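Please keep the sequence and the three-dimensional view at hand while reading.

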Amino acid sequence: MPISIGNISLYMGPHTAGAPDNLEEVIVDFIDGAKKSLDVAVQELESEPIARALVKARQRGVKIRIVLEGDYLIADRAVSDPFDMEQMEAHDPNRTLIAALWRAKIDVRTDYNPYIFHQKFIVRDFDGDARLLTGSTNFTPTGTHKNLNHVAIFDHKNVAREYMEEFEEIWSGTFGEKRNRHERHPSQPRVSDVSLRINFAPDHMPEMEIMKQMLKARQRIDFAIFTFAQSSGIDDTMIALSRAGLSVRGIADSAQGNQDWAASRPLHESGVDFYLAKKNSADFGKLHHKLMVIDEQVVIIGSFNYTNPATMVNDENIIVIGDLDETRPEGIENQKKLGAYALDEINRIIDRHGQKLAD
């Protein structure tokens with residue numbers, strides 16, 4: 001079951017991989033609740049239930065705009081006979097679903113970013129009961145049923161407004177490092193007595209926000225991350241904090257964490273309690289979270305991996321939920337509840353899948 005604190009709901013999944021929540025159902029239900037509009041920015045759409053929910057929404061009169069990463073819609077190689085449907089490619093399911101959306105008269109566009117359009121969010125009914133859905137989850141069968149991911153929903157106009165402004169910028173054709181450099185300040189709305197900080201990459205350099213939040217830690221930092229590269233700035237900060245005596249513990253996907261460029265070895269050697277997610281378990285595909293909990297009460301979620309491209313050229317987002325400088329009792333209590341829920345999932349992943357690096 002998810003945790004809901006007022007207008008904030010946090011989901012950890014997928015349920016098919018031992019986590020508590022059915023992420024595909026969460027996304028479909030969110031789409032099904034639309035009355036006026038859906039503005040969707042997501043790296044990949046390969047889930048037929050999600051695509052069918054979008055078509056149903058369009059058929060009941062909902063205005064829908066979608067932006068996707070174009071690489072999944074372009075052929076990896078030229079086939080000898082492109083009219084021969086037996087010459088299938090890995091991304092053909094994406095193309096089939098996009099064709100269905102177009103036939104339903106849904107406006108679907110692709111990015112112009114030569115790097116990665118890595119967003120994962122939906123703004124629903126901005127001119128009405130505005131809500132935002134975001135997180136680490138791609139709208140694919142693996143993203144919602146195999147890979148370990150999270151989703152968050154914010155029932156709040158000010159949060160939706162920040163993502164709506166980002167979507168309009170994307171829709172106008174500005175992506176990645178080519179975006180309009182108006183450099184609006186990161187937003188800090190307050191929702192259900194919880195302070196939020198919303199950052200978009202590359203405008204706001206989320207890496208710096210994550211480093212700043214870690215430097216405020218007094219007790220511990222826990223994380224679960226798909227890709228963690230050396231010299232991202234985040235790894236250097238963790239190493240310094242660990243050497244200073246702070247408890248730093250985390251887990252990364254093993255396929256990414258075993259690469260030469262990964263931060264795994266330097267973190268381990270500096271005293272960080274570091275794990276890789278074992279692949280000897282058939283119940284999950286990848287550890288795909290981009291999740292951090294600081295002092296058991298500040299949660300950082302979103303699409304942002306700890307890499308230089310995520311900081312400099314990709315389209316990304318993070319939300320910092322909570323503030324270690326919070327003084328209001330209700331705010332402290334609420335952010336601790338959210339932190340405990342996210343930390344429980346990090347603990348579960350480490351306990352069930354974690355494997356220490358060899359010395």
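Leaving aside its neighbours within four places in sequence, with which residues is Asp-323 in contact? The model examined here is a predicted one. In this model, Asp-323 touches Ser-195, Arg-197, Lys-216, Val-298 and Gln-335. Asp-323 is placed in the loop between strand E16 and helix H11 (329–353). With a relative accessibility of 12%, Asp-323 counts as buried, because the limit for that class is under 20%. Although 126 residues of sequence separate Asp-323 from Arg-197, their C-alpha atoms are 9.0 Å apart.

Strand E16 covers residues 316–321, and six of its six residues are buried. Glu-316, Ile-318 and Val-320 point one way from E16, while Asn-317, Ile-319 and Ile-321 point the other way. In a regular strand, side chains alternate between the two faces of the sheet.

Strand E10 (residues 194–201) runs antiparallel to E16 and is joined to it by six bridges. Within this pair, Arg-197 stands opposite Val-320. Arg-197 is also one of the contacts of Asp-323. Strand E15 (residues 298–302) is likewise antiparallel to E16, with four bridges joining the two. Here the bridge partner of Val-299 is Ile-321 in E16.

## The sheet of eight strands

Another region of the model holds an open sheet of eight strands, in the order E1-E2-E8-E7-E6-E3-E4-E5 and with mixed pairing. Strand E1 (3–5) and strand E5 (107–110) each have a single partner strand and stand at the edges, so one side of each lacks a neighbour in the sheet. On average, neighbouring strands of this sheet are turned by 10° against each other, direction ignored. Strands of a sheet pair through backbone hydrogen bonds, in either a parallel or an antiparallel sense.

Is strand E2 largely enclosed or left open? Six of the six residues of E2 are buried, so the strand is largely enclosed by the rest of the structure. From E2, Ile-8, Leu-10 and Met-12 point one way, whereas Ser-9, Tyr-11 and Gly-13 point the other way. The hairpin of E1 and E2 has two residues between the strands, and Gly-6 takes a positive phi near 60° there.

Helix H1 (residues 23–32) lies across strand E2 (8–13), strand E3 (37–42), E6, E7 and strand E8 (149–154). Helix H1 runs at about 25° to E8.

## A pocket lined by two helices

Which helices each supply at least two residues of the lining of the second largest pocket? They are helix H2 (48–59) and helix H3 (92–103). Helix H3 gives the most, with five residues. This pocket has a volume of about 160 Å³. Its lining includes Glu-46, Arg-52, Val-55, Pro-93 and Leu-97. By class, the lining consists of six nonpolar, one polar and three charged residues.

## Helix H7 and Thr-237

Seven of the 10 residues of H7 are buried, so the helix is largely enclosed by the rest of the structure. Among these buried residues are Ile-234, Met-238, Ile-239 and Leu-241. The elements that cover them include helix H6 (206–215), strand E11 (220–225), strand E12 (247–253), helix H9 (264–269) and strand E14 (290–294).

Not counting residues up to four places away in sequence, Thr-237 touches Met-211, Met-214 and Leu-215. Just after H7, Gly-245 takes a positive phi of about 105°.

Terms used. Residues are numbered from 1 along each chain as its sequence is written. This is a predicted model: local features need pLDDT of at least 70, side-chain atom pairs count only at pLDDT 80 or more; totals for chains, interfaces and linings use all residues. Side-chain values use heavy atoms; hydrogens and water are left out. Two strands pair if DSSP finds at least two bridges between them. Axes are lines fitted to C-alpha atoms, for helices over the stretch in contact, and angles run from 0 to 180 degrees between N-to-C directions. Contact means heavy atoms within 4.5 Å. On a 1 Å grid over the protein atoms alone, a cavity is a set of points where a 1.4 Å probe fits but cannot get out, and a pocket is an open set with protein on both sides within 12 Å along at least five of seven lines; lining residues have an atom within 4 Å of a point. Grid points are joined across faces, edges and corners, and a volume is the space filled by probe spheres set on the points. Ala, Val, Leu, Ile, Met, Phe, Trp, Tyr, Cys and Pro count as nonpolar, Asp, Glu, Lys and Arg as charged, and the others, Gly among them, as polar. Buried means under 20% relative accessible area, exposed over 50%, partly exposed in between (1.4 Å probe, protein chains only).
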